[in-house]
Amino acid sequence: LSAPLVRYARATDAPASSTKPEAGAAAAATAAGSGGDRGAAEAADGEEAWGSDVRQSHKRVRRTPEEVASAPYRFVGFLSTSDLVRTLVHEERLPAAALVAAGRRPVSPTLDRMARLGAVAEAFGSRPAISCLSPLGSDGDLLFAGDAPAVSLDMLVRQGMLRYPPRPDRPPSHRVAVFNAAGQVDAIISQSDVVRFLSERLDEVPEAQRTLADLSLGLKAPTAFASTKPAIDCLAEMELQARVAGAAVFDEASGTLVGTLSDSDLRGLHTAHLGSLALPVAQFLVHRHDLLRERPRSTLFSDDEGTLSKLGDQHAATLARRLPPVCVTRDSTLGECIALLTGRGLHRLWVVDGTASWRPIGCVTLTDVLRVVVSEE
């Protein structure tokens with residue numbers, strides 16, 4: 001990690017994708033469906049160095065459509081799926097009277113909720129994508145390409161991602177954009193990129209052979225929801241209260257871990273289908289991933305039909321069989337966790353108690369891995 005960043009970047013650079021600020025939220029959500037990090041862009045010139053607030057450091061200028069089409073675009077922030085979800089849950093909270101005014105009479109909690117989501121879907125999909133942006137730096141940081149030769153990967157992770165020293169108002173970020181003197185993003189380096197880099201050099205990571213118990217990882221109870229809770233309520237709690245991008249889904253009757261709900265489950269979801277978020281979360285995930293036709297995926301634990309047969313929610317049972325959560329125990333090593341995260345393209349692993357019940361007791365994320373490998377000092 002002490003090697004110059006430019007040496008690492010040459011092996012991992014990928015073209016940065018962008019979304020124009022006038023693009024709608026629906027277009028941004030569709031773009032997010034192709035994977036990777038997305039940036040919102042605005043015509044301008046020049047940039048400042050590490051961590052500057054781009055939206056305040058440059059004047060906004062009015063341009064004709066022809067000028068905008070021919071001008072380079074300047075990075076103004078990261079537009080993540082979390083930003084879109086946060087905006088959606090705010091707009092969804094309409095008074096029930098709005099349905100009556102629209103000529104819809106209450107039928108059932110689920111159908112009424114679907115109608116409310118349908119009512120906001122069109123407005124949500126057509127609003128400017130840039131209006132969904134969080135304050136710059138909330139989930140991304142900046143590095144000027146001219147400074148890259150003097151920056152090691154260790155420094156990039158410590159300052160740009162983990163943001164040491166930690167502050168309550170400055171949570172870790174998941175990515176760093178490398179921009180040039182013209183204000184264009186040349187590359188985006190994410191936490192996933194760095195952990196993948198480590199996975200190829202596990203023999204150089206002393207902590208790789210230590211267990212999660214030895215490293216005191218996975219001790220905090222994860223954010224988790226019963227499989228019968230509406231998906232939109234789960235997302236609202238994740239974004240507005242817990243401030244997490246993923247949560248465990250468990251069967252309410254047995255407490256068994258059956259799946260994962262994350263922001264990425266909304267990638268590529270058309271606004272016409274937003275009403276499905278009113279469904280119980282397990283049912284939503286079953287239909288979102290078309291699991292009634294999919295073949296089962298492999299899991300760290302063999303499918304225990306005795307355990308699955310005890311689940312009170314049949315959608316939860318389908319979810320556990322067809323899209324089982326990837327789990328580890330406190331006896332798993334950090335190296336095993338890194339291999340699972342990179343091999344499956346995941347951002348988190350659930351720590352279970354090691355018994356047949358599969359009860360979630362903790363979570364290990366990419367940020368946790370980087371905190372172990374990169375010291376605060």
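This is a predicted model: local features need pLDDT of at least 70, side-chain atom pairs count only at pLDDT 80 or more; totals for chains, interfaces and linings use all residues.
The loop between α8 (153-161) and β5 (175-179) contains proline 165. The peptide bond that joins tyrosine 164 to proline 165 is cis, with an omega of about -10°. Arginine 163 is found in this loop between α8 and β5 as well. The relative accessible area of arginine 163 is 2%. Because buried means under 20% relative accessible area, arginine 163 is classed as buried. A polar contact is a pair of N or O atoms within 3.5 Å. The side chain of arginine 163 reaches the backbone oxygen of proline 171 at 2.8 Å.

Positive phi values occur at two residues that are not glycine, serine 216 and aspartate 290. For serine 216, phi is about 60°. Serine 216 lies in the loop between α10 (212-215) and β7 (224-226). Its relative accessible area is 47%, so serine 216 is partly exposed.

For aspartate 290, phi is near 50°. The loop that holds aspartate 290 runs between α12 (281-288) and α13 (305-308). Aspartate 290 has a relative accessible area of 31% and is therefore partly exposed.

In terms of accessibility, arginine 163 is thus buried, whereas serine 216 and aspartate 290 are partly exposed.

Technical notes: Residues are numbered from 1 along each chain as its sequence is written. Side-chain values use heavy atoms; hydrogens and water are left out. Helices (H or I, at least four residues) and strands (E, at least two) are DSSP runs, numbered from the N terminus. Buried means under 20% relative accessible area, exposed over 50%, partly exposed in between (1.4 Å probe, protein chains only). A polar contact is a pair of N or O atoms within 3.5 Å; within protein, one must be able to donate a hydrogen and the other to accept it, and residues adjacent in sequence count only if both atoms are side-chain atoms.
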